Number of protein chains: 2
Amino acid sequence: MNNVLAVDIGGTHFRTGLFDEQGRRLLVLEGDTDRVAGRDWMLNQLAARCRELMAQTDAPVKACGLSFGGPVDFRSQSVTSVHSAGWKGFELGKWMQESLGIPCRLDNDANAGALGEYHYGAGRGAKSMVYITISTGIGSGIVYDGKLLRGKDYMAGELGHIPVSDSGARCSCGGRGCLESFSSGGAIESRARDWAERRPERVARMVELSGGGEITAKGLMQAAAEGDVAATHILRETTRWLARGLLMVIRILNPDVIVLGGGVAQSGVILLDSLHTFLDELASPTITYSTEIVTATLGNYSPLYGAAAMGLDISRD
Amino acid sequence: MNNVLAVDIGGTHFRTGLFDEQGRRLLVLEGDTDRVAGRDWMLNQLAARCRELMAQTDAPVKACGLSFGGPVDFRSQSVTSVHSAGWKGFELGKWMQESLGIPCRLDNDANAGALGEYHYGAGRGAKSMVYITISTGIGSGIVYDGKLLRGKDYMAGELGHIPVSDSGARCSCGGRGCLESFSSGGAIESRARDWAERRPERVARMVELSGGGEITAKGLMQAAAEGDVAATHILRETTRWLARGLLMVIRILNPDVIVLGGGVAQSGVILLDSLHTFLDELASPTITYSTEIVTATLGNYSPLYGAAAMGLDISRD
């Protein structure tokens with residue numbers, strides 16, 4: 001029996017896990033990301049925890065998969081750029097490989113999350129699956145016949161930056177009308193700020209559910225689930241655009257299943273119901289489809305499981 | 001040396017061809033489609049010409065590929081529906097197989113055109129290719145790793161019906177804001193009719209180049225190539241939306257190459273130049289791509305060559 005390591009580096013949490021050959025989680029260590037402490041602090045944390053996990057098992061640990069919560073250049077196995085200092089251009093795959101002495105593979109969290117859901121979550125048994133993670137931004141990974149569809153420049157699945165609107169809102173990527181600027185957690189929170197300024201009397205419940213400060217996407221989704229009018233309005237505006245994005249994916253790929261992950265998708269049925277309302281409105285009576293739309297079953301752990309799948313993949317090479 | 005037959009059934013022309021094992025065209029017979037004469041007339045024409053081609057060669061003819069210019073149910077090898085009477089539900093694949101006594105395979109002309117360009121045209125050597133045919137409507141076929149990407153309901157590549165606009169124009173499919181209702185040959189001709197009504201003094205050259213009657217997409221593209229102001233305006237409106245559709249494909253699939261086929265694409269450089277202008281406007285400085293956009297090299301023959309590729313594929317089974 002061989003084991004593998006899995007690492008998931010996110011902006012707020014990081015996780016390291018030991019998995020067996022069937023992708024079963026044997027042990028997971030979690031920590032809070034200290035953004036101020038920087039890159040070297042994080043690297044030391046990761047290496048120490050990975051060694052701790054390796055020491056917990058008598059079975060050989062063959063490889064390690066790494067999920068990074070930001071843009072990654074898969075070919076050079078390096079971090080492309082992040083807002084936190086010190087990461088840009090860093091060859092994280094190589095560093096881990098040298099640090100742990102086992103083969104490592106690095107990918108971004110959207111691709112890792114896609115692999116996690118495909119092998120162990122909501123995408124099991126599918127031939128084709130599109131995983132869309134909706135948190136601060138929107139990312140996605142496409143699995144076709146068991147393999148990630150990467151594209152010529154390794155830029156396939158950039159769903160956050162498909163143009164959904166011709167109204168021309170400027171996105172953080174510099175493009176215009178991107179899905180991310182309409183339907184991400186960041187977009188939800190931006191709409192909530194507008195409401196808080198213009199109609200402060202309408203946002204009380206959202207503020208309360210967000211812990212009393214700035215309205216969070218999570219607090220807003222909870223308020224919408226309770227039937228709060230303003231929250232429902234913002235949710236509908238968000239899902240109206242997301243439905244257009246999903247329909248584009250369906251028309252182009254017609255996958256077996258679309259799996260929605262990330263923090264916003266954890267609101268579950270309230271999101272799915274609203275999406276289906278708008279998808280029904282956009283439907284064509286002649287061009288039908290049976291692509292299923294579901295939420296991720298691994299929750300916050302989709303990328304970690306995906307990192308395990310990546311580790312298992314290289315351990316078989 | 002084995003040969004195969006290829007058949008391309010279109011709304012205005014039909015073609016039957018004899019191809020060798022390398023996909024080289026040995027002999028092609030062309031005819032005009034007589035829509036009034038109906039289905040049985042067409043079937044008799046096809047069978048007779050196929051037999052004529054089979055009689056021209058001493059090499060065994062192993063299989064036949066069929067491209068149909070309208071919706072096809074690939075699973076049942078039947079025609080789904082067309083505007084001409086008698087075709088709906090007709091098991092064309094089976095009929096040809098029984099008529100010719102060799103294995104046959106039927107697909108729609110977008111998928112056939114994609115295979116043609118992938119194996120023998122502008123997509124040669126690509127790993128991933130999206131073929132988009134722009135004539136009266138817009139169809140497409142996606143080839144990934146040498147195989148058509150079909151989707152769960154065999155509805156992948158329905159590019160004509162991706163929602164590009166939130167302005168809500170109703171499409172012939174019953175949906176709203178579809179690419180086809182903005183960027184097809186039909187959309188071009190509809191815009192030209194508007195101009196002819198509102199500004200008859202501006203459309204003289206387009207009418208002339210269209211043969212004196214209704215303005216055709218072909219006549220309009222020729223006028224635009226000459227610098228005609230109204231034609232250029234309509235071309236720009238058409239390509240502005242098409243660029244949005246192409247960017248969606250690029251963001252989702254990031255293919256090696258997008259091949260534009262069909263009558264409208266035969267205008268070549270005037271279409272590509274205009275497309276690139278709008279793609280540059282939509283570009284993100286951070287999310288770049290090197291997907292090439294080219295016109296089909298097999299022109300009207302893309303689907304026939306693709307039918308040959310389908311025939312060769314089954315002859316190897």
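How many residues does the contact take from chain A and from chain B? The contact takes 38 residues from each of chain A and chain B, where two residues are in contact if their C-beta atoms, placed from the backbone, lie within 7 Å. The model is predicted: local features need pLDDT of at least 70 and side-chain atom pairs count only at pLDDT 80 or more, while totals for chains, interfaces and linings use all residues. Residues are numbered from 1 along each chain as its sequence is written, and chains are lettered from A and ligands numbered from 1 in the order in which they are written.

**View 1. The side of chain A that touches chain B.** Helix H8 (residues 229-253) of chain A supplies the largest share of this side, 7 residues. Helices (H or I, at least four residues) and strands (E, at least two) are DSSP runs, numbered from the N terminus. By residue type, this side of chain A divides into 18 nonpolar, 12 polar and 8 charged. Here Ala, Val, Leu, Ile, Met, Phe, Trp, Tyr, Cys and Pro count as nonpolar, Asp, Glu, Lys and Arg as charged, and the others, Gly among them, as polar. The predictor gives the complex an ipTM of 0.94 and a pTM of 0.95.

**View 2. An open sheet of 5 strands in chain B.** The strand order is E10-E9-E8-E11-E12, with mixed pairing; two strands pair if DSSP finds at least two bridges between them. Strands E10 (147-148) and E12 (292-295) of chain B are at the edges with a single partner strand each, so one side of each has no neighbour in the sheet. Strand E11 (residues 257-261) of chain B runs parallel to E12(B), joined by 4 bridges. Val259(B) lies opposite Val294(B) in E12(B).

**View 3. Helix H10 (residues 302-315) of chain B.** Its 14 residues reach 20 Å from first C-alpha to last, close to the 20 Å expected at 1.5 Å a residue, the expected span being 1.5 Å times one less than the number of residues. In H10(B), 11 of the 14 residues are buried (20 or more other C-beta atoms within 10 Å of their own; exposed means 12 or fewer, partly exposed in between, with C-beta atoms placed from the backbone). Among them are Tyr305(B), Met310(B) and Leu312(B). Their cover includes strand E1 (3-9), helix H3 (109-120) and E11 of chain B.

**View 4. Ala48(A) in helix H1 (residues 38-55) of chain A.** Ala48(A) is partly exposed, because 13 other C-beta atoms lie within 10 Å. Ala48(A) and Glu197(A) are 149 residues apart in sequence and 46 Å apart in space, C-alpha to C-alpha.
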